Amino acid sequence: MSRPVMKRETIEESAIRLFATKGLARTTIKDIASEAGVTEGALYRYYSGKEEMAWKLFNRELDQFTHLVSEVLFDDRMPFDLRLGLAIQTIYDYYIYNGDQFAFILLTQHGFPEDKLLSRETEPMAMAERFIGQAVGAGEIPPCDADLHAGLLMGAIMQPLVLHRYGKLELTPGTPAQVTAACLRMLGLC
């Protein structure tokens, strides 16, 4: 009974790794089967095709990621700057320990129909907008355009990870703190 579960996990891990490195459009069912060491037919036992597999895996991985981040980001028992710093540290830790999953989430989101992505309550940009909007409403940060500042924060947080993924930036243990300080300055808190 555990063998089919292990086979499915192997297929899914292989698919995520390939989607993260080759991209959604350039990855084929044949590629996934070869990487997983199974027949192409084995994939169709679990999914009707590559698109269904990618969408289900994307949702699963995005939900896991956003759950981790939102636990910290929306814990109003902590001050704003601490929540932001811990959320950034969580994002960077997730990237370090789950690089393929992170790249899969980040890079494949553009391969899905826009209407599917825009309706998600756990979509990272929507979370950032809500976080900034709540902070403005609570008087934790100066009044600002929540959408604009959420976009600026997302860029400041994510771009160093993208640069690292492509070998253009080295991450150090102090990088999350540097990113946090830059984000706080951007919001007028430093």
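## Basis of the model

The model is predicted, so local features need pLDDT of at least 70, side-chain atom pairs count only at pLDDT 80 or more, and totals for chains, interfaces and linings use all residues. Residues are numbered from 1 along each chain as its sequence is written, and side-chain values use heavy atoms, with hydrogens and water left out.

## Overall fold

The protein has ten helices and zero strands. Helices (H or I, at least four residues) and strands (E, at least two) are DSSP runs, numbered from the N terminus. The C-alpha atoms fill a box of roughly 55 × 35 × 30 Å along the principal axes.

Of the 190 residues, 42% count as buried. Buried means under 20% relative accessible area, exposed means over 50%, and partly exposed lies in between (1.4 Å probe, protein chains only). Take the contacts between residues at least 6 apart in sequence: 64% of these join residues at least 24 apart. Contact means heavy atoms within 4.5 Å.

## Helices α5 and α9

Helix α5 spans residues 80–97, and helix α9 spans residues 146–165. Their axes come within 11 Å and cross at roughly 20°. That makes α5 roughly parallel to α9, a term for angles under 35 degrees. Axes are lines fitted to C-alpha atoms, for helices over the stretch in contact, and angles run from 0 to 180 degrees between N-to-C directions.

From α5, the contact uses I88, I91, Y92 and Y95. From α9, it uses A156, I157, M158, P160, L161, H164 and R165. By class, these are nine nonpolar, one polar and one charged residues. Ala, Val, Leu, Ile, Met, Phe, Trp, Tyr, Cys and Pro count as nonpolar; Asp, Glu, Lys and Arg count as charged; the others, Gly among them, count as polar.

## Residue T21

T21 is found in helix α1, residues 2–22. Its relative accessibility is 49%, so T21 counts as partly exposed. Leaving aside neighbours within four places in sequence, T21 is in contact with R26 and R165. A polar atom of the T21 side chain lies 2.9 Å from the backbone oxygen of R17.

T21 and L107 are 86 residues apart in sequence. Their C-alpha atoms are 9.1 Å apart in space.

## Residue V69

V69 lies in helix α4, residues 50–73. V69 is buried, with a relative accessible area of 6%. Not counting residues up to four places away in sequence, V69 touches A87, T90, I91 and M127. I91 also belongs to the α5 side of the contact with α9.

Note on methods. Angles under 35 degrees count as roughly parallel, over 145 as roughly antiparallel, 65 to 115 as roughly perpendicular and the rest as oblique. A polar contact is a pair of N or O atoms within 3.5 Å; within protein, one must be able to donate a hydrogen and the other to accept it, and residues adjacent in sequence count only if both atoms are side-chain atoms.
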